[in-house]
Structures are given as structure tokens and as C-alpha cells.
Amino acid sequence: MAAKRVDVAIVGGGLAGAAAAEVLAGHGARVLVLDDNLRPGGQYLRDRFHAGAGWADRIRRRGLKLLDRLALRGVDFRSCVEVLGIENGFELLVADGDGELFTVNSERILLATGARERFIPFKGWTLPGVMATGAVQILIKQSGILPARETLVAGAGLFLAAGARDIQKSGGRVPAVLDETSFSKRVPPPGLLVRQFAKFAQGGAMLARLRLGGTAICNGTRILEARGEDGLREVLTTRVDREGTVIPASETVYPAGCLAVSFGFTANVELAQLVGCGLVFNPELGGWVVKVNENLETSVAGIHAAGEVTAIGGAAKSLTEGRLAGLAILERMGLLKSNAMREELSALKKTRQRQMAFARYFNSQYFFTPEYTAAWIRSLPNDVPVCRCEEVNLGDVRRAVAEGFDTPAAVKKATRCGMGICQGSTCKTILLDVLSALTGKPLAHISLPSVRMPIKPVYLATLAGDGI
């Protein structure tokens, strides 16, 4: 098993990881970026051939130029690799795309592991044709494929409009965007609106284009059921008030070839959890995130974190935190020499504080009060799937909790929830929400499921050194 030694190992090649790599490599640090995607840039830069004139496109152009500079600097970027764990002494165990293992010994580590989509289950959510909105974007951006001629977009949060607009721009039709969040919740605080006017103007223009393209924007609308025999055929919805109470006689049935669903995002904290970094639950930051100080240092000396893993906040925040983390690591290494670099570090901290205000607004659009979410989940029938890999439904979890299995670890033992091929990447947040609803415990008081190495599924032949 080959080994490599570097000054800084960066786990994650999205915008935060790429921005940090540029700073570090530009000042002589030996850097290695490890990413599970084919190319750097993350989900935001999958479609690297499109950049228009709007605010979001300016951020995209900044990202594309960053990737060009990384290529010119010859930064060591390993794509299609999985970091399976981190052992004492900052030794990373990594599996490459050919099924070979190698280790990386690093003086310091930056965790820029990003986020994944969060789900709230409903009847039929595992039917063929029901997809995560992010998965639909990947199909479009990476392969130029539309999942259907007509795609219904539903869930909660600001990301729904962005996903719908991507479908529309690619020639697909979006009959409606169905958002659980009430319209009144959409109105930003006046101070935030002024400070982030360009971003909100871009969002307003996106909604206008959707409406001009024939898309209805329906707030306060909940998915009740996705229906079909061998695949999705129609979607049953209902109207809800601001407290989440179903409005009688408000059901609507939408024909649909595809349902793109999103209920916001959850940070990929498993690697940080494995190595012992402090975590904190804060709905304003997107749920469970890595706890960091103003220099983005975690509770483990030598490990920094940046990007969505510290708070779900978007591309601009990731770029800021990447540079901030790079400069903070240089400072720890004794390489922050000039006053200009110290001034930039100070300025980035102020910029980050402004961007965190938008992050709190963004996350408020898909996080609801505990009472709201609990009533919503308790209203679901027993046959709603919770863990699709192991075919565990809500009724199974309800019975387990009634028998005293009222923690994630206990439910896992009783039902095998989270023991499938995805290792709980989809059902973990669902299970936490369900347990909170059934036990009455706040999410912050429900411990996360334990993690151990390897944190990603891996072939036994890979572990044995035989490749795949």
C-alpha cells in the first residue's frame, strides 16, 4: 500500500477546498486535494461551460477562474477517490477508483466535505421517477439528460426554484414548484435585503422567468403521496397553514413523469465525527455542523473545516471560507509573513460574518419548529419507507420505539435502519426527525449514529489489496 506525505491534506475538492488549495500552494505548502468527484469544483461547477451575467454567474466565473489557476499551479488533485478514515497521527486511508488503497500522512488537515440533500419522507417517495433535485441537476449538467418531459418540483426551501430553473433552461417543462414553506416566511429581514440585494434580485428574476415559462409557484403546499404502479404517474398534494395544519378539502392531483424533491441540505460531518471534532446542532446553520472558531479551527488541533460542513450557506461563503482557512493554516505554519496577507485574513472574517447572516435566512426556509415537524411526521402512515436500502418503514420504527429502542443506535440494532449500501447517507436525517417526533426529544438531544472506519462502502477485495 503506497504512502504519500504532504503538509496539508484537503478532503473535498469543491469551492472551499479549491480556494484553500490555491492559497496554500501559492505560498509553498505541499498540498494534496482528495475528492470523490470526477473533476474539482463540486456540484456548483459541474456545468463548467455555462456562465451568464447574473450574480450567481459571477460567482461561477470566479470559481472557474480559480480552477484554471489551480491547474496552472500544478496542484496535486486526486479525483474519484474515497477517504475511508483518519487514524492517529493524521494518516488518511484512501481508496482510488481502481480499488487500490493508499495512505496520506499530513501535518494538517482541512475538511471541506460539503453537504448532501435532506429528505422528509412521504408515501411513495421511493418510487422510480421520484428523485432528489440535486440528482436531476447532475443528470442535466453532466449528461445533458432530462429525467422527463414534465418534472414537478417539490419540498421546501430556496433550492427548489434553482432546480426548476435548470430544468426549464434545458428544455423541460415544470408545471409547478410546490413549497411547504409559507410565502410570509420568504420575506427577508430589511437589513439582510439591503446587504444582499444583488442575491435577492437574482432570486426574484429567477422566479419571474419560471412564471413566464408557465410554472406555478405554490407556497404552503405539502406532498402527501407519489402514486404509480411501476413508476411515478401522479402526485397528491394538500395545502397547509403556517402552523403546518392541513387545510380541509385542499387536495390537488398533479400528473407527473418525474418528481424532483428537496428539503434542504445536511452537512457531511461523518469524517469530522470519526476523528473527534466537536459538532453542534443549530437549525440556523443547517442542522449538525462542525464547530469552528473564527479561524475555522475545529476542536482537534491541526484540523480546520471550511464550506458547507461549517454551515449550509452557498457558493460565495465556500469561496470565502476556503481562502480564510488557507490563510489561517499558513499562519499556524508560520508562513503568514506579509501585512497584506494578515489584512486579507481580517477582511475575510468580516465577509464571512455577512455571509453567515444569509446562511441563517437560507436554512430557515426548510427548517420548521419542532412542533410543526413532529405533527407532520406523526401524520404519516406506517407504510412510509424510512430506510429504503433495508426496507424499514415508519411502522417498524414506531414499534421499535414503543419497545424502548429510542436512540439511533438502538433502532439500528432493532430494525437494521441505516445498515444498507448507502450506510445511512439518506435515512440518517429522516431517522433523527422521526425519533424527535416520536419521543418528544429536541434534535439537539438525540445523539448522531456512531461512525467508524471505513466511513464509506468499500469492496472487501479493496481492503485485501486485490483491487476490483
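Analyst: Two strands pair if DSSP finds at least two bridges between them. This is a predicted model, in which local features need pLDDT of at least 70 and side-chain atom pairs count only at pLDDT 80 or more, while totals for chains, interfaces and linings use all residues. Residues are numbered from 1 along each chain as its sequence is written, and side-chain values use heavy atoms, leaving out hydrogens and water.

User: Which strands stand at the edges of the three-stranded open sheet?
Analyst: The strands (DSSP E runs of at least two residues, numbered from the N terminus) follow the order β12-β13-β14 with antiparallel pairing. One side of each edge strand lacks a neighbour in the sheet because each has a single partner strand; these are β12 (221-227) and β14 (252-255).

User: Is Glu180 buried or exposed?
Analyst: Glu180 lies in the loop between β10 (176-179) and α5 (183-186); helices are DSSP H or I runs of at least four residues. Buried means under 20% relative accessible area, exposed over 50%, and partly exposed in between (1.4 Å probe, protein chains only). Because its relative accessibility is 3%, Glu180 is buried.

User: Which residue's side chain makes a polar contact with that of Glu180?
Analyst: Beyond its neighbours within four places in sequence, Glu180 is in contact (heavy atoms within 4.5 Å) with residues including Gly155, Val240 and Trp376. A polar contact is a pair of N or O atoms within 3.5 Å, one able to donate a hydrogen and the other to accept it within protein, with sequence-adjacent residues counting only if both atoms are side-chain atoms. At 2.8 Å, the side chain of Glu180 has such a contact with that of Arg222.
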